[in-house]
Amino acid sequence: MEGEWNDSEAAIIRRFRGRCIICLKRFATLHHIVPRSAGRKSKEAGINNLIPLCARCHDQVHRTGTYKWRKRLEALRERRLKEFPPLK
């Protein structure tokens, strides 16, 4: 894991059990589904826009084009949210 995580980032890590949402291996970084440069200014959109990815999957997403992955990542995020209910 990279550096220190703020409370929102730590909550995302816990929510997905520290797993990459693509391959379910241990993640290495948080990824923005919609790049920060494309907008999404509110805190809530930011939290919902972050997903954990392992280094291999993160590299693949960026190498093949973030926008090509957007819908797939959004669908995977929703699927994983159902698979990993909130921790109590």
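Trainee: Where is the place of lysine 25 in the chain?

Mentor: Lysine 25 sits in the loop between α1 (7–15) and β1 (29–32). Helices (H or I, at least four residues) and strands (E, at least two) are DSSP runs, numbered from the N terminus. This is a predicted model, in which local features need pLDDT of at least 70, side-chain atom pairs count only at pLDDT 80 or more, and totals for chains, interfaces and linings use all residues. Residues are numbered from 1 along each chain as its sequence is written, and side-chain values use heavy atoms, with hydrogens and water left out.

Trainee: Is lysine 25 buried or exposed?

Mentor: Lysine 25 is exposed, at a relative accessible area of 51%. Buried means under 20% relative accessible area, exposed over 50%, and partly exposed in between (1.4 Å probe, protein chains only).

Trainee: And which residues does lysine 25 touch, not counting those up to four places away in sequence?

Mentor: Lysine 25 touches Gly18, Arg19 and Cys20 on that basis; contact means heavy atoms within 4.5 Å.

Trainee: What separates glutamate 74 and arginine 70 in helix α4?

Mentor: They are separated by about one helical turn, because they are 4 residues apart in helix α4 (residues 66–83). Glutamate 74 is partly exposed at 27% relative accessibility, and arginine 70 is partly exposed at 31%. Side chains of opposite charge can pair when their charged atoms come close.

Trainee: Which residue forms a salt bridge with arginine 79?

Mentor: Glutamate 83 does, with the closest N and O atoms 3.2 Å apart. Both residues lie in helix α4, 4 residues apart, about one turn of the helix. Arginine 79 is partly exposed at 45% relative accessibility, and glutamate 83 is partly exposed with a relative accessible area of 38%.

Trainee: What about glutamate 83 and arginine 80?

Mentor: Glutamate 83 forms a salt bridge with arginine 80 as well, the closest N and O atoms being 2.8 Å apart. Since these two are 3 residues apart in helix α4, about one helical turn separates them. Arginine 80 counts as buried, at 5% relative accessibility. Salt bridges that share partners join Arg79, Arg80 and Glu83 into one network.

Trainee: Is arginine 77 buried or exposed?

Mentor: Arginine 77, which lies in helix α4, is buried, with a relative accessible area of 10%. Leaving aside neighbours within four places in sequence, arginine 77 is in contact with Phe16, Ile21, Ile33, Ile47, Asn48, Leu50 and Ile51.

Trainee: Which residues touch the most other members in the largest nonpolar core?

Mentor: Ile21, Ile22, Leu53 and Leu73 do, out of 20 residues in that core. A nonpolar core is a set of buried Ala, Val, Leu, Ile, Met, Phe, Trp, Tyr and Cys residues joined through side-chain atoms within 4.5 Å. At least two residues of this core come from each of α1, β2 (50–53), α3 (55–64) and α4, and the largest share, 4 residues, comes from α4.

Trainee: With which residues is isoleucine 21 in contact, leaving aside neighbours within four places in sequence?

Mentor: Isoleucine 21 is in contact with Phe16, Ile51, Pro52, Leu53, Leu73, Leu76, Arg77 and Arg80.

Trainee: Finally, what pattern does the protein chain follow along the sequence?

Mentor: The protein chain follows α-β-α-β-α-α, with 4 helices and 2 strands. Buried residues make up 35% of its 88 residues.

Definitions and conventions:
A salt bridge is a side-chain nitrogen of Lys or Arg within 4 Å of a carboxyl oxygen of Asp or Glu.
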